[in-house]
Every structure is written in structure tokens, then in C-alpha cells.
Amino acid sequence: MSDALLTIKDLHVRYGGRSLLGLKTKGFDAVKGANLTIRTGETLGLVGESGSGKSSIANTLLGLVPASDGRMEFDGTDLAALPSGYPPALRRKIQAVFQDPYSSLNPSMTVEQIITEPLKLHTDMSAAERRAKAAQLLELVKLPATHLPRYPSEFSGGQRQRIAIAAALALQPKLIVLDEPVSALDVSTQNQIINLLYERRDALGMSYLLIAHDLALVHHISDRIAVMYLGHIVEEGPADRVYHAPAHPYTKALLEAVPLLDPARQRARRAARRAAPAADLPRSAEAGCPYRHRCPVAMQRCHHEAPPALPVSGGGTAQCFLVDTPPVGDHSAQEAALT
Ligand SMILES: Nc1ncnc2c1ncn2[C@@H]1O[C@H](COP(=O)(O)OP(=O)(O)O)[C@@H](O)[C@H]1O
Ligand SMILES: [Mg+2]
């Protein structure tokens, strides 16, 4: 088992809430006590519906948004304790790829300029060395070096995302934060990019934080999966266990939302949905389980007591009183759940 590269402990991210012109605003808690670990060479998939706080975690990790509480230990440094703007030696170890390849690449720069920019800032390579490296990086993302003098507007969405990945790989980072990197692409291009990321990760020994809303897609390349709901990590564990035996009712609902190809299963699901009572909209969760208003199995207790992260059989944890916890004395399962 390799060492933890990143350990996030009880991370809180709050927007607003600071004294503004002497007035205190209430603020909004987008992340409410997240715990996550990424080991060297590992991919952690982070899923959840829009607004659940995924990008807030990503942006805090990248130093773009301050942590309001908690720790983010990355490669021996607590990122949460640093002032905004990481020192260059740290900055180059964490790179990012964002959702929209149309806006994340500077339209007035050539592919060569885009890829060599980080090399210019962070290394003492000569212009010739940088150009050779850029050509090599394009090959790594399966684009010909003849594209170097061209501009982002000349490429498709998938090709632009490959260029963004090449730029992220340039400094051989330890961690790449991928915030919905394929959400803007069509399905076949999504698969190509996911496969490319998978190959590169294994060849270069990097770690990924891969954010997406599609659990099935994340499952392909993740070692572990964390599921977010309204600022909480409601479930976390080995990717296969979370995907095949989800423990939290929200994870189950997310998996049911994956489009089914089998028409009979689709019909059965539609019928089940008609029979089910309409789900309430999420409300603020001052006390109690954050998912209780939408949960089909919520109990009285869930309305005034928030479930802690409980160990799940097969590894990981889920914040639900109804999880199938490993039997007492089953130390291997308990250890797997808590690592
Ligand atoms: N800069 C901001 N100021 C205020 N609220 C924000 C800001 N960024 C995000 N939020 C809010 O925080 C919540 C989580 O957002 P985000 O982290 O972007 O979620 P996700 O990436 O899962 O869609 C949302 O309710 C969003 O409206
Ligand atoms: Mg987001």
C-alpha cells in the first residue's frame, strides 16, 4: 500500500460570512467537514450532483479559494495553512484540468505557447528544449506535433481537452485535479479522454482527483470513490464496492440515475418512480441527516441526529445509520473501512 499523497481532514469551505464594510454576513457553507485521502498513483473519483461542493474542494486544493477550517496535508505541507497563491515549488506539483476546454485555453496563444508556458515559468529549459518537450507532450496525448503552431479555435472539444492535459503534464505534477474534464464532450470522446488519462497516470505515476457527476464513468478509472451531497462526503470507499454495493441511499439514487440501456429495466424503473412519493427539495440541514428530506428510508432519528461516517462491509464509510457495518471482531474489514 502506497503512502498518502493528500489527506484532507475536516475541511470546511465558506463563501461570504466575513465582515463586509463592518457588516457580518451569514455566509454559505459549501463544504461541511470533508475527509478524503489520495495515495500516490491513485485516482479518487469525487461525484455528486451540481452544487454539492465538488468544485469548492477542487478550488480550495488549488489555492483558488481559502479553506475556512480543516487541514489539507499534501506531500508534507498543510495547504490550508498557506496564504493564497502557493509558492512555485508547490504550485508545479498540483496541476488542474477544468471542464470547459473552450474557455480554459487562451485563444490568442498557439498550442506551443500554451504547453511551454508552465515550462517557461518553472524551469530553466532553453527555447529549443521547451519546443522539443512540447512536441513530446503532444504525442503523449496522441496529437501530432504539427499542431504546435495552431490556435485553440482550430480544434474540436476533445482535441482541446487533450491540449489542456498536455499542458497539465508538462511539469510532471504529483497530483492533477480534474474538475469535470469530460462533461462538455460527447460520449465517445469522453471515453477516449478517460482512457488517455488512465494510461498517462499509470505511465507517469501521478495521482488524480477526478470530479464528475457520472458515477459509472468515474468508476472506470478510480481506485476509490467519494460521494458528495450538500457539502458532506456521504459515502467513500473502494471504487468497486461503492459502485457495486452502494451503502448510502443517495449513492443508490445516483446509480439509478445512470441511463439504462435495457428497455425492460427502464420500463420497470419508470413504473417504480410513478409509485414512489414525490421527493422533497433539499432544505437547509441545521440538524439531522442532510439527505433526510429526499431519503426513501429516513427514520425519525434521522430528522434530529446527523449520522457519523460509519464503516461499511467491503471497505469505506457511509454517513447513514442503516449501513451494513462489518461484524464486530472483523478487524480486516474495519481496518479497510477506516484507511
Ligand atoms: N464563489 C462563490 N460564492 C458563493 N457561493 C458559491 C461560490 N462558489 C460556489 N458557491 C456555492 O457553493 C455550492 C457548491 O458549489 P460548487 O462547489 O461549485 O459545487 P459543484 O462543483 O458540486 O457543482 C453551491 O451552492 C454554489 O452555489
Ligand atoms: Mg463544479
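Which residue in β10 does Leu46 stand opposite? In β10, that residue is Ile211. Here are some close-ups of this predicted model, where local features need pLDDT of at least 70, side-chain atom pairs count only at pLDDT 80 or more, and totals for chains, interfaces and linings use all residues. Residues are numbered from 1 along each chain as its sequence is written, chains are lettered from A and ligands numbered from 1 in the order in which they are written, and side-chain values use heavy atoms, with hydrogens and water left out.

**View 1. The shell around ligand 1.**

**View 2. Polar contacts of ligand 1.** These are pairs of N or O atoms within 3.5 Å. A polar backbone atom of Gly51 sits 2.6 Å from a ligand oxygen, and a polar side-chain atom of Lys54 is 2.8 Å from an oxygen of ligand 1. For Ser56, an N or O atom of the side chain lies 2.6 Å from a ligand oxygen. On its own, ligand 1 has 560 Å² of accessible area, and the protein covers 58% of that (Shrake-Rupley method, 1.4 Å probe). Helices (H or I, at least four residues) and strands (E, at least two) are DSSP runs, numbered from the N terminus.

**View 3. The four-stranded sheet.** This open, antiparallel sheet has 4 strands in the order β4-β1-β6-β7; strands pair if DSSP finds at least two bridges between them. At the edges are β4 and β7 (77-78), each pairing on one side only. β1 (residues 4-15) and β6 (residues 69-74) share 5 bridges, and Leu6 has Phe74 in β6 as its bridge partner. α1 packs on the sheet, touching β1, β4 and β6, with its direction at about 115° to that of β1. Contact means heavy atoms within 4.5 Å; angles run from 0 to 180 degrees between N-to-C directions, using axes fitted to C-alpha atoms, for helices over the stretch in contact.

**View 4. The eight-stranded sheet.** Here 8 strands make an open sheet with mixed pairing, ordered β8-β9-β10-β5-β11-β12-β14-β13. The edges are β8 (94-97) and β13 (310-311). β5 (residues 43-47) runs parallel to β10 (residues 207-212) over 5 bridges. Helix α10 (residues 249-256) lies across β5, β11 and β12, at about 100° to β11.

Conventions
A polar contact is a pair of N or O atoms within 3.5 Å; within protein, one must be able to donate a hydrogen and the other to accept it, and residues adjacent in sequence count only if both atoms are side-chain atoms.
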